[in-house]
Amino acid sequence: MSSAEATTSSGHTGSGRADASPAQNPEAARLRALLEPAVQANRLYLEDVSIIAGSHRVVHVVVDLPQEETGGVNLDVIADISKVLSDVLDNDPNDDGRPYDLEVSSPGVGRPLTEPRHWHRARGRMVKVNVIQGENVTGRLQSVDDSGVTIVPEIAVKKGMKPKQGEPVKLPFDRIRTGKVEIEFSHLDEAGLEPEHNGPSEEA
């Protein structure tokens, strides 16, 4: 059953109490190792596994498309991978029978761009970059390579006029303090992207 857009939850009950577990703990790491082969077999990337305390433990899994693809993980894909991961957890040889809920979601547009693969996934989108020892840049992410990113800046113009594009700027990763995708609707078609397909989750 779906609890939110691009998020699917399912409940599993057993005996015993739910356990308060921080996001990065041995059990979360164990479940990541257990679930990752199934995620990769379905041509997805396992972004994160966390365990949240409650009346039932919540196993929260974040999946994304491979870095070479643009767009986002749609609801049908989330529903399909949720069933697959639920089966894997049900057959976990090391499960102790305690109750849990499984939640599967995709990263939100608001996810900070902190890893090279995040930048790859944002190709074609408008991004805002906070630069170390230089002027901050807002523009369209043109390309990504091993050393950094190339951005085509958008120059502010009078309201109602089409934004002007500056000359491409190459920013090495070691000069990028922070980066994020700017939500937009007017230029997605030009970039070959569809709106609302990056999932609403802001958690990863």
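Valine 84 has its place in helix 2, and in this predicted model the residue counts as partly exposed, because its relative accessibility is 27%, between the cut-offs of 20% for buried and 50% for exposed.

**Valine 84 and its surroundings**

- Leaving aside neighbours within four places in sequence, valine 84 is in contact with Ala38 and Asn42.
- Asparagine 42 lies 42 residues away from valine 84 along the chain, and the C-alpha atoms of the two are separated by 9.2 Å.

**How helix 1 and helix 2 meet**

- Two packed helices are described by the angle between their axes and by the distance between those axes.
- Here, helix 1 spans residues 26-41 and helix 2 spans residues 75-90; their axes come within 10 Å and cross at roughly 135°.
- Helix 1 passes helix 2 in a right-handed crossing.
- Which residues bring the two helices into contact? From helix 1 come Leu31, Leu34, Leu35, Ala38 and Val39, and they meet Ile81, Val84, Leu85, Val88 and Leu89 of helix 2.
- The residues of this contact divide into 10 nonpolar, no polar and no charged.

- Aspartate 92 is found in the loop between helix 2 and strand 5, the strand made of residues 100-105.
- Is aspartate 92 buried or exposed? Its relative accessible area is 9%, so aspartate 92 is buried, the cut-off being under 20%.
- Not counting residues up to four places away in sequence, aspartate 92 touches Arg30, Leu31 and Leu34.
- Leucine 31 is 61 residues from aspartate 92 along the chain, yet their C-alpha atoms are separated by 9.0 Å.

**Two loop residues with positive phi**

- Arginine 43 is found in the loop between helix 1 and strand 3 (45-52).
- Although arginine 43 is not a glycine, it has a positive phi of about 60°.
- With a relative accessible area of 55%, arginine 43 is exposed.
- Glutamine 133 sits in another loop, between strand 6 (126-131) and strand 7 (137-144).
- Glutamine 133 is not a glycine either, and has a positive phi of about 55°.
- The relative accessible area of glutamine 133 is 79%, so this residue is exposed.

**The chain as a whole**

- How many helices and strands does the protein chain have? Its secondary structure comes to three helices and 11 strands.
- Read along the sequence, these elements follow the pattern β-β-α-β-β-α-β-α-β-β-β-β-β-β.
- The protein chain has 204 residues, and buried residues make up 43% of them.
- Among contacts between residues at least 6 apart in sequence, 63% join residues at least 24 apart.
- The chain exposes about 11200 Å², and carbon and sulfur atoms supply 50% of that area.

Note on methods: Residues numbered from 1 in each chain as written. Predicted model: local features only at pLDDT ≥ 70, side-chain atom pairs only at ≥ 80, totals over all residues. Heavy atoms only, no water. Axes fitted to C-alpha atoms, helices over the stretch in contact; angles between N-to-C directions. Helix = DSSP H or I, 4+ residues; strand = E, 2+ residues; numbered from the N terminus. Left-handed = near helix turned anticlockwise from the far one by under 90°. Contact = heavy atoms within 4.5 Å. Nonpolar A, V, L, I, M, F, W, Y, C, P; charged D, E, K, R; others polar. Buried < 20%, exposed > 50% of the residue type's maximum accessible area, 1.4 Å probe, protein only. Areas by Shrake-Rupley, 256 points an atom, 1.4 Å probe, with all protein chains shown as cover.
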